[in-house]
Amino acid sequence: MNMTPPTSVRLLACALGAGLTVAALAAAPATASSSGSTERVAHYVGSHYAGSAEEAAANKAFFQAVLKSVAEKRAANPGAQSVTVSYDASQAPTFQQQIASSASIWNASVSNVKLQASSGGGDFSYREGNDSRGSYASTDGHGSGYVFLDYAQNQEYDSTRVTTHETGHVLGLPDHYEGPCSELMSGGGPGPSCTNSNPDANEKAQVESLWANGFAKALHKAEAELR
């Protein structure tokens with residue numbers, strides 16, 4: 001993993017229905033995609049890099065895309081008793097334990113939203129492989145988003161922390177590089193020695209609020225579109 005700040009960031013301003021990809025755990029130069037359908041934003045870097053407005057906007061758009069996917073399914077099935085974000089981990093066999101641990105950590109930390117494994121058709125999925133840009137989260141805004149886990153990066157950093165951090169973006173949390181190791185979303189800021197994979201009280205409260213208030217708005221919109 002390259003721990004130097006990115007010299008450029010790929011980001012095309014796309015709304016929920018358009019393609020948008022958010023890189024979540026890399027720090028490498030990138031250029032705009034000519035197709036207009038794929039984007040990456042570098043983060044999970046050290047405290048010397050403070051992030052950017054583009055990254056903050058991309059994180060928010062990723063959350064909104066997942067929220068939209070979940071709300072559409074909920075609106076089509078109004079009898080559902082809870083808000084559930086489903087994921088498919090079949091394409092990341094090496095990280096099955098870390099993915100399961102990440103889901104357990106979040107499910108034990110918040111009550112307004114739950115993560116649930118799915119054999120297919122999830123709101124997002126996990127994938128694995130080698131990528132010089134590191135690990136990242138990607139979504140097209142239609143329930144086919146994924147978290148890519150890079151082998152080398154997950155050897156340098158605590159893999160459960162990386163996975164749980166990445167899932168934090170899916171649930172709506174932004175990066176906070178300058179934060180201490182006790183903050184999950186401080187990412188690589190505290191360095192590879194940090195192995196904390198649990199969100200702190202403020203991060204838990206933020207997710208609770210997002211999925212109480214944000215989901216209600218998304219559900220209302222989805223229901224209106226189904227009429």
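The following dialogue examines how several features of this predicted model are assigned.

Tutor: The model is predicted, so that local features need pLDDT of at least 70 and side-chain atom pairs count only at pLDDT 80 or more, while totals for chains, interfaces and linings use all residues. Residues are numbered from 1 along each chain as its sequence is written, and side-chain values use heavy atoms, with hydrogens and water left out.

Student: What makes Cys-181 and Cys-194 a disulfide?

Tutor: A disulfide is a pair of cysteine sulfur atoms within 2.5 Å. The sulfur atoms of Cys-181 and Cys-194 are 2.0 Å apart, and the two residues therefore form a disulfide. By this rule the count comes to one. The link is right-handed, with 85° about the S-S bond.

Student: Which parts of the chain does the pair tie together?

Tutor: Both Cys-181 and Cys-194 lie in the loop between α4 and α5, so the parts tied together are 13 residues apart in sequence. Helices (H or I, at least four residues) and strands (E, at least two) are DSSP runs, numbered from the N terminus.

Student: Where does Asn-198 lie, and what does it touch?

Tutor: Asn-198 lies in the loop between α4 (159–170) and α5 (201–226). At 39% relative accessibility, Asn-198 counts as partly exposed. Contact means heavy atoms within 4.5 Å; leaving aside neighbours within four places in sequence, Asn-198 is in contact with Ile-105, Ser-182, Leu-184 and Glu-203.

Student: Why is the pair of Tyr-87 and Phe-124 called tilted?

Tutor: Rings of Phe, Tyr and Trp (its six-membered ring) pair if their centres lie within 6.5 Å; planes under 30 degrees apart count as stacked, over 60 as edge-to-face and the rest as tilted. A search of the whole structure finds six aromatic pairs. The rings of Tyr-87 and Phe-124 have centres 6.1 Å apart and planes at 40°, so the pair is tilted. This pair links distant parts of the chain, with Tyr-87 in strand β2 and Phe-124 in strand β4, 37 residues apart. Both Tyr-87 and Phe-124 are buried.

Student: How do you know that Phe-95 and Tyr-151 are stacked?

Tutor: The angle between their planes is 20°, and the distance is 6.2 Å centre to centre, so the aromatic pair counts as stacked. Phe-95 lies in the loop between β2 and α2 and Tyr-151 in helix α3 (residues 151–156), so the pair ties together parts 56 residues apart in sequence. Phe-95 is buried at 4% relative accessibility, whereas Tyr-151 is partly exposed at 28%.

Student: What makes the charged end of Arg-127 sit over the ring of Tyr-146?

Tutor: A charge sits over a ring if NZ of Lys or CZ of Arg is within 6 Å of the ring centre and within 35 degrees of the ring normal. The charged end of Arg-127 is 3.8 Å from the centre of the Tyr-146 ring and sits over that ring.

Student: Which residues touch the most other members of the largest nonpolar core?

Tutor: A nonpolar core is a set of buried Ala, Val, Leu, Ile, Met, Phe, Trp, Tyr and Cys residues joined through side-chain atoms within 4.5 Å. Of the 37 residues in the largest such core, Tyr-126 and Trp-211 touch the most other members. The largest share, seven residues, comes from α1. Trp-211 also forms one aromatic cluster with Phe-63 and Phe-215.

Technical notes. Buried < 20%, exposed > 50% of the residue type's maximum accessible area, 1.4 Å probe, protein only.
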